[in-house]
Amino acid sequence: MKRFSFRLFAFGMALGAVGAAVVLAANAYARVARPTRSTNALVTAAPTTSPDQVIQWNRILLGILRTPAAQPATIHPTRSMAILHAAVYDAVNAIAKTNAPYLVRLKAPKNASEPAAAAAAAHAVLVRLYPGQAGALDADLAMSLSQVPDGNAKDQGVRVGEEAAAAILTLRADDGSAATPIPFVPGSNPGDYQLTPPAFAQPVFTHWPFVQPFALRSANQFRPPPPPALTSPSYTDSFDEVKSLGAVGSLTRTADQTQIARFWGAPIQNYWNEIAQTAALAHGTTLEQNARLFALLDLSLADSVIAFYDAKYTYHFWRPITAIRAADNDGNPATAADPNWTPLATTALDPSYPGAHAVVSAAGADVLSRFFGNNEDFAVTSEVLPGVERTFTSFSDAADEASLSRIYAGQHFRFDQVAGQQLGKQIADYVTSNFLLPQGQGHR
């Protein structure tokens, strides 16, 4: 298959020396029960409760992302997730040699320590991306490496991990993520995205459609068709639905729907990384399997974000709060304006179509279903509603609920979510069908 363009980048970068270790305990915001049924599962190992280095360092990254001001405001967190797990995967796979590499072909002795490689790769990536966290990350690495017996295998593993991290970081050094966001100028026609109350702030990720994808050939590879016309029955039905269910004082939204709206209010990629890591623990997946699982997951999520921003800033479709307040001027006699309409949740700072939660959740569910089968009993907790737990019998059910939550919150129209789910599934299907394949099955 053809190689995508950024393999041909020219690079040069030096990484500093590796310091010390992993925090074993981290608050988990998703819990997966031992599965009672699973179809088409790719993983059959016995359950275990001991997290390996992939899961430990995934937790460390989630902890950083939840630390106020740790994440640069104009860099989307899914980029860090994808870089971390791409480096860990290429480091571990260089030793295991079971699957095609992501992008980096490294020479590694077969007896090198895979746990040491995973920890060293993760540490080197995160120190580079979050230099302000270097002291804590050095301590994390020291603890990680203390779990690996001293000797040549450990030293070789550390070397492989550092090389993988350096190579992946170099590949992403000029990917467009550091660009200054492009000032957004709202249009003047009905349907055009407008800055939204209460702050009427500028969107943040206007430059993200131009970030180099991790796996897709281009940001617009699976761009959805335009949203429905303002005079169409589809638009009218979706308008009425969100107007009724999404209002702050809605009389039609149930108590459970209100909880759903609030439950999924944190960064959606965090939920799917949590669900993945605890699903892996429930199934007892190996370090090699987890390296591949999280790389496929976070490559898919990172490209989902690039792709949905491409679509959002192609169609720049207005949010429900604007549409409902300005309905007298939308040319549709079937929509009624409410100039005081307010959504349950404060509107996100970007155009409405397609819905981000829908894209990311569909991609996450698709990747996890390919590993474990879709039928999976699990429970999820929320970092924004402590103590609340929601249970599911499939990954797709969780994805559907996360998508619907944005209608209940007054954030999105139904057609935003339908298009978003289709986009997320297309991206995940593409990534899992073309990358990190078992040796002999081809690779993009």
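**Rings, a strand and a loop**

Author: Begin with a cluster: ring pairs join Phe263, Trp264, Tyr271, Phe371, Phe372, Phe378, Phe392 and Phe395. Keep in mind that this is a predicted model.

Reader: How many aromatic pairs does the count come to?

Author: The count comes to 26 aromatic pairs. Take Phe205 and Tyr309: their ring centres are 5.6 Å apart and their planes stand at 40°, so this pair is tilted.

Reader: Are Phe205 and Tyr309 buried or exposed?

Author: Buried means under 20% relative accessible area. Phe205 has 13% relative accessibility, so Phe205 counts as buried. Tyr309, at 6%, also counts as buried.

Reader: How should I read strand E2?

Author: In a regular strand, side chains alternate between the two faces of the sheet. In this structure, 6 of the 7 residues of strand E2 (residues 375-381) are buried, so E2 is largely enclosed by the rest of the structure. Strand E2 runs antiparallel to strand E3 (residues 389-394), and 5 bridges join them. Ala379 has Thr391 in E3 as its bridge partner.

Reader: Where is Gln411 placed, and what does its side chain reach?

Author: Gln411 sits in the loop between helix H12 and helix H13. Gln411 is buried, with a relative accessible area of 0%. Its side chain reaches the backbone oxygen of Ala345 at 2.8 Å and that of Thr346 at 3.3 Å.

Conventions. Residues numbered from 1 in each chain as written. Predicted model: local features only at pLDDT ≥ 70, side-chain atom pairs only at ≥ 80, totals over all residues. Heavy atoms only, no water. Helix = DSSP H or I, 4+ residues; strand = E, 2+ residues; numbered from the N terminus. Buried < 20%, exposed > 50% of the residue type's maximum accessible area, 1.4 Å probe, protein only. Polar contact = N/O pair within 3.5 Å; in protein donor to acceptor, adjacent residues only side chain to side chain. Pairing = 2+ DSSP bridges. Phe/Tyr/Trp six-rings, centres within 6.5 Å; stacked < 30°, edge-to-face > 60°.
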